[in-house]
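This briefing is for a reader new to the structure.

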Amino acid sequence: MKKVQPGYSFQVDDKTLAKMKDFYAPFQEQSPSAYIDLFARGEGVTVSIFKRNKEGKVTASFQGPKAIEEASLWDPSAHDTSVQPVLPKPLFHSPMHPGPVVLNRYPQIGSDEVGTGDVFGPVCVCAAYVEEKDVARIDELGVTDSKKMSDEYILQIGPLLVKEFAYSQLSLPNEKYNEIHDELNMNAIKAKMHNRCDLNLREKHPDAYIYQDQFAEPGLYFHYLKDEKDVVKNITFHTKGESLYPSVALASVIARYSFLRKMQELSNHYQMDIPFGAGEEVDRFIRAFIAKYGRDELKKVAKLNFANFKKIS
């Protein structure tokens, strides 16, 4: 397996941020992501300064053979925090080296979804196509279950993933979600989106094995699709599929990348930092959003069937 390049990330205070932007301005290149405020490339190192997150914090990331040397200019405690492969086998085993639970077969199409537990932001489903030769690259980039990866890192590698791999990704805006949710529950919506993404990829790769992160029993999953004209069959379902199948892990990360970008677009449009999840912070934000834009506008950006709205008078 190819060794992962050294890397280091740390949060930057405003004083250091101003100095870094001034220092790297002559080396600045076009940003590979909407979430990166400044991207610079030098000999043996790339520097990414991310835009402020929802907590108002800024992260700077250094990657490359000279990453630690460069990062030490700003943080004397800089050290290599990249996850280097230590196992003799890759994260996802080839047919010659099956894992303890499942046998991966190639080529494969895997699908996963994100956004279903968030009041704000769309439901994003992705299916990704992986050949056995791609597994080394997936391991090299540290792709695994997106819930185990930082959003900052997903935003950093997202542009590479969508460029290097074949995938199909669908997003369901909340305005449309609210229109159909009375007739379709969340699992039925996900089933239809998974099926469409699988169909899109299977047209180009008809011989691929199909894997899916299981969110419903197979019989119920296909029941949700009983009125669909075309349905992908012969699916291998497994809970925690992101940890078992490289195609599902890849789909998980691309779906998260899409979700993060769309959340940032919403935040920019409404000039408010829209929170993730469905906790108390979301309850407070809903009240603030209604006060600023009204309930009718809320219907365009929030999933109204969530319990959060029962608390809003």
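A pocket is found on a 1 Å grid over the protein atoms alone, as an open set of points where a 1.4 Å probe fits, with protein on both sides within 12 Å along at least five of seven lines; its lining residues have an atom within 4 Å of a point. The model is predicted: local features need pLDDT of at least 70, side-chain atom pairs count only at pLDDT 80 or more, and totals for chains, interfaces and linings use all residues. Residues are numbered from 1 along each chain as its sequence is written, and side-chain values use heavy atoms, leaving out hydrogens and water.

**Confidence**
- The average pLDDT (the predictor's confidence in each residue, from 0 to 100) of the chain is 88, and 91% of the residues score at least 70.
- Residues 84–90 have a pLDDT below 50, and this stretch has 12 contacts (heavy atoms within 4.5 Å) in the model beyond near neighbours in sequence.
- For residues 93–101 the pLDDT is also below 50, with 14 contacts counted in that way.
- Where pLDDT is low, the predicted coordinates should not be read in detail.

**Second largest pocket**
- The second largest pocket has a volume of about 450 Å³, a volume being the space filled by probe spheres set on the grid points, which are joined across faces, edges and corners.
- Its lining has 19 residues, and Arg52, Asn53, Lys54, Gln264 and Phe276 lie nearest the centre.
- Helices H4 (151–164) and H8 are the elements that give two or more residues to this lining; helices (H or I, at least four residues) and strands (E, at least two) are DSSP runs, numbered from the N terminus.
- H8 gives the largest share, four residues.
- The lining holds seven nonpolar, four polar and eight charged residues (Ala, Val, Leu, Ile, Met, Phe, Trp, Tyr, Cys and Pro are nonpolar; Asp, Glu, Lys and Arg charged; the others, Gly among them, polar).

**Aromatic rings**
- There are 16 aromatic pairs, meaning rings of Phe, Tyr and Trp (its six-membered ring) with centres within 6.5 Å; planes under 30 degrees apart are stacked, over 60 edge-to-face, the rest tilted.
- Tyr211 and Tyr245 are stacked, at 4.1 Å centre to centre and 20° between the planes.
- Tyr211 is in strand S9 and Tyr245 in the loop between strand S10 and helix H8, 34 residues apart.
- Both Tyr211 and Tyr245 are buried (under 20% relative accessible area; exposed is over 50%, partly exposed in between, with a 1.4 Å probe and protein chains only).
- Phe120, Tyr270, Phe285, Phe289 and Tyr293 form one aromatic cluster.

**Thr59**
- Thr59 lies in strand S5 (residues 58–63).
- Thr59 has a relative accessible area of 12% and is therefore buried.
- Leaving out residues up to four places away in sequence, Thr59 touches Ser9, Phe10, Gln11, Ser48, Ile49, Phe50 and Glu152.
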